[in-house]
Amino acid sequence: NEQLKKADEAANCYLSFPKERQDSPELLVKCKQSSIDAAVSLTKAALKEVQTLVVTMSVDAYVVPRIIGKGGETIKKLTHGKPFYLDVDRSTGKIVLGATTPEGRDSLLAEVKQIIAENCILRIPGDPAMMKAQYREFGRSKSKAELQDLIWLDIDEDNHVFIMRGKEEDLVKAKAVLEEFLLNNTMDELAILDEDFDVLLAGGKASKIMSMSEELGVNLSAD
């Protein structure tokens, strides 16, 4: 409006999105007919400048929770009270961030990149037949306790992989620990009847499951 009024003091420009299409990428420019060409030209130039203040990037979906934070806490921390914008798509991992100045954009981008760097993702192939049991057993092991403060671990049963999240240098150590555990802990699960459960466990250290473990030279447990 200020630039239009330099040429025509009576000129006023109004920008809006179509009411019937709130999600439309179209922007309506309204002003006097004599000023419309100048208004559209100025609007396009302003939008082009705004686009330089916006950054779009994608991250692994398992990094998304660390950027959003519990209840959006991390996003609020990064943007509250600042002329910043940060939007993260949970399903696709797409991130759109921006600010009103190049300095603000770069500052926000640096903080987001720092979070990403501290939450690298590593996938380790697992055996579909035993990885669920291995994951549960690993959670009880000393190996898990050793890594507890370093990385986050989960399994993706659909894609048959163990998923680790953490700093790159910590993932190197965690990968070696997990792979050694998997190598030394081949296991499987067998379905048993409810009535057999009590029979196997009865007797504590003298139980049937303990004697079978000793006889077969394997570690048996019932959950």
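This is a predicted model: local features need pLDDT of at least 70, side-chain atom pairs count only at pLDDT 80 or more; totals for chains, interfaces and linings use all residues.
Ser141 counts as buried, since its relative accessibility is 17% (buried means under 20% relative accessible area, exposed over 50%, and partly exposed in between, with a 1.4 Å probe and protein chains only). This residue sits in the loop between H6 and helix H7 (142-147); helices (H or I, at least four residues) and strands (E, at least two) are DSSP runs, numbered from the N terminus.

Residues are numbered from 1 along each chain as its sequence is written, and side-chain values use heavy atoms, with hydrogens and water left out.

Phe138 turns up again in the packing of two helices. Helix H6 (residues 131-140) and helix H8 (residues 168-184) pack at an angle of about 115°, and their axes are 11 Å apart. Here the axes are lines fitted to C-alpha atoms, for helices over the stretch in contact, and angles run from 0 to 180 degrees between N-to-C directions. On the H6 side, Gln134, Glu137 and Phe138 meet Val177, Leu178, Phe181 and Leu182 of H8, where contact means heavy atoms within 4.5 Å. The residues of this contact split into five nonpolar, one polar and one charged (Ala, Val, Leu, Ile, Met, Phe, Trp, Tyr, Cys and Pro count as nonpolar, Asp, Glu, Lys and Arg as charged, and the others, Gly among them, as polar).

Lys144, over in helix H7, is partly exposed, with a relative accessible area of 25%. Setting aside neighbours within four places in sequence, Lys144 is in contact with Phe138 and Gly139. Lys144 and Ala174 are 30 residues apart in sequence, yet their C-alpha atoms are 9.1 Å apart in space.

Then there is the inside of the protein. The largest nonpolar core has 19 residues, and Ile67, Leu86, Val88, Ile95, Leu97 and Val112 have the most contacts inside it; a nonpolar core is a set of buried Ala, Val, Leu, Ile, Met, Phe, Trp, Tyr and Cys residues joined through side-chain atoms within 4.5 Å. At least two residues of this core come from each of strand E3 (54-58), helix H3 (64-68), helix H4 (73-79), strand E4 (84-88), strand E5 (94-99) and helix H5 (102-117). H5 gives the largest share, four residues. Apart from this core lies another, of 15 residues, including Met131, Ile155, Val177 and Leu182.

Beyond four places in sequence, Val88 is in contact with Val64, Ile67, Ile68, Ile75, Lys94 and Ile95. Lys94 belongs to strand E5 and is partly exposed, at 43% relative accessibility. Not counting residues up to four places away, Lys94 touches Thr56, Met57, Ser58, Asp87, Val88 and Asp89.

Zooming out, the protein chain has 10 helices and eight strands, and buried residues make up 31% of its 223 residues. Among contacts between residues at least 6 apart in sequence, 54% join residues at least 24 apart.
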